[in-house]
Each structure stands twice: as C-alpha cells, then as structure tokens.
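Please look through the model shown here with an eye to how its charged side chains pair up, and then follow the paragraphs below.

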Amino acid sequence: MGARGRSGDDTQRRVWEAAVRLFAAQGFHGTGIRELAEGAGLTSATLYHYMGTKEDLLFSVMRTCLDRLIRAAERVAGEGAGPEAVITRLVHVHVLTHALHRDETTVVDNEIGALAPGHRDEMVRLRDRYEEFWRDAIADGCDRGAFSVPDRRLARMAALEMCSGVAKWYSPSGPLDLGAVSAAHAVLVLQMLGAPAGEAAPAPDASGIRALVEEIWQIRLPSLRARPPHPG
C-alpha cells in the first residue's frame, strides 16, 4: 500500500474514532459536524469525503459492531455444544466486548432511534439476527429440560441487558478481573434461566474465547484470569 493509501486509512480511522467517542458521549443529535471534524483533525469540507453524511457514519459504526457480534455468535453456536455451554460462551463474548468497546456498544444500544427508516430497519434486522442466537439457545435449553423460565423472551432481554450493563461500570484499571466478571455473569445468566441450583456454569475454553474476540475485533485482550470477583 502506498503512502497515500496508508494516509487515507489513518484518516478514516481518526474519523471513526471521533464519531464513536462523540456519539457515545453526546448522542448522535448532540454531535455537530464541526465537532466531528475537529475530533478527527480535519476541516468540515474534508470530513464529508471520508464519511458521507453524519447518518452514514452512524450507520457504519452500528453495522460494523453488530456484524462482529453476529460473526462471533455464529462461531459459538456452530461448535455443536449443549445449550448451557452455548449460553455461557455467548455471555463471555458479550461481556468482554461490551467491557472493552464501551463506546461502540453504547452507540449501538442507544442511537438506533436516530436512524432514518431504511437504515433503522437494517439495524433492527441485524440486532434481531444477533439475538436469535440467544433465543435459540434458550429455547433449546427449555426443550431439553436444562432451563426453565416463565417467559423466554423476557429472560433473553433480561440476560442481554445485564451483560450489556458491564459497559456502564467496568474499568480496566479497576480491581475486578475481566475474566472473573465474565464468569460471574455466566453463572448469573444460567441461574436466571432456571438451570439446576448449584450447577456450575460450564467453563468455556478461555484461550478459545480470547482468540475469537481478538480475531474478530482485531484487538489484544488484557490477561484474563477466571478467579471469582472481589466480594462486595
């Protein structure tokens, strides 16, 4: 790749990072074009060359994030494991990515209503596609007698909301180990789904989960240890 291509990629990255940071902090409607340009170190006129409209940029951020989650869920569900193991792995991936990509996931979770109908319909389709992996695993567990819930839809929504909430409070510099946080959420979700009392969450292949997240999100994860969270 030539210098011009590398320069273009670097500019695109700066635009992306500025958009994610500002949309997460201020919301889509609260972020102006001038702020985006300044955040990316560009003029407003140059910014349009790299992003199209502001909504195009929001749509790109949201689609990329959901595409990654769907790819990860496809890999997890395709391993042929039982419903308890599938749910456990889905929880680990969801918690890891929401903890480490809080701005991206905040944008996806909060800004879908800012999209025009065409873009919004596409995002709803992708969101539903991702949730389908959770829905299928819960249904499979209920059909096999591994889970017991009064309302499968509400159980799925509650599990996802709890796991997504990590983005609001987890800090990489805090006292809690992220591997332990993920493991604790897996236990809580299985309990929520009515798995037999006292039954431990199936321990996922930590190195496999780590490799999957690093591959799809193209990041390096911090060292993860499966020790219990600090009490209190």
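**Charged pairs in a helical protein**

In this predicted model, Arg 152 has a relative accessible area of 39% and is partly exposed. Arg 152 forms a salt bridge with Asp 143, with 3.3 Å between the closest N and O atoms, and Asp 143 counts as exposed at 60% relative accessibility. Elsewhere, salt bridges that share partners join Asp 10, Arg 13, Arg 14 and Glu 17 into one network. The structure as a whole holds 14 salt bridges.

The background to these pairs is a protein with 11 helices and 0 strands. Of its 232 residues, 43% count as buried, while the protein exposes about 11,700 Å², of which carbon and sulfur atoms supply 52%. Among the contacts between residues at least 6 apart in sequence, 73% join residues that are at least 24 apart.

Because Arg 129 lies in helix 7 (residues 117-144) and Glu 74 in helix 4 (residues 54-77), the pair ties together parts that are 55 residues apart in sequence. Both partners are partly exposed, Arg 129 at 29% relative accessibility and Glu 74 at 39%.

Helix 7 also contains a pair of its own: Arg 125 and Glu 122 are 3 residues apart, and are therefore separated by about one helical turn. Their salt bridge brings the closest N and O atoms to 2.7 Å. Arg 125 counts as partly exposed at 46% relative accessibility, and Glu 122 counts as partly exposed at 26%.

Technical notes
Residues numbered from 1 in each chain as written. Predicted model: local features only at pLDDT ≥ 70, side-chain atom pairs only at ≥ 80, totals over all residues. Heavy atoms only, no water. Helix = DSSP H or I, 4+ residues; strand = E, 2+ residues; numbered from the N terminus. Buried < 20%, exposed > 50% of the residue type's maximum accessible area, 1.4 Å probe, protein only. Contact = heavy atoms within 4.5 Å. Areas by Shrake-Rupley, 256 points an atom, 1.4 Å probe, with all protein chains shown as cover. Salt bridge = Lys/Arg side-chain N within 4 Å of Asp/Glu carboxyl O.
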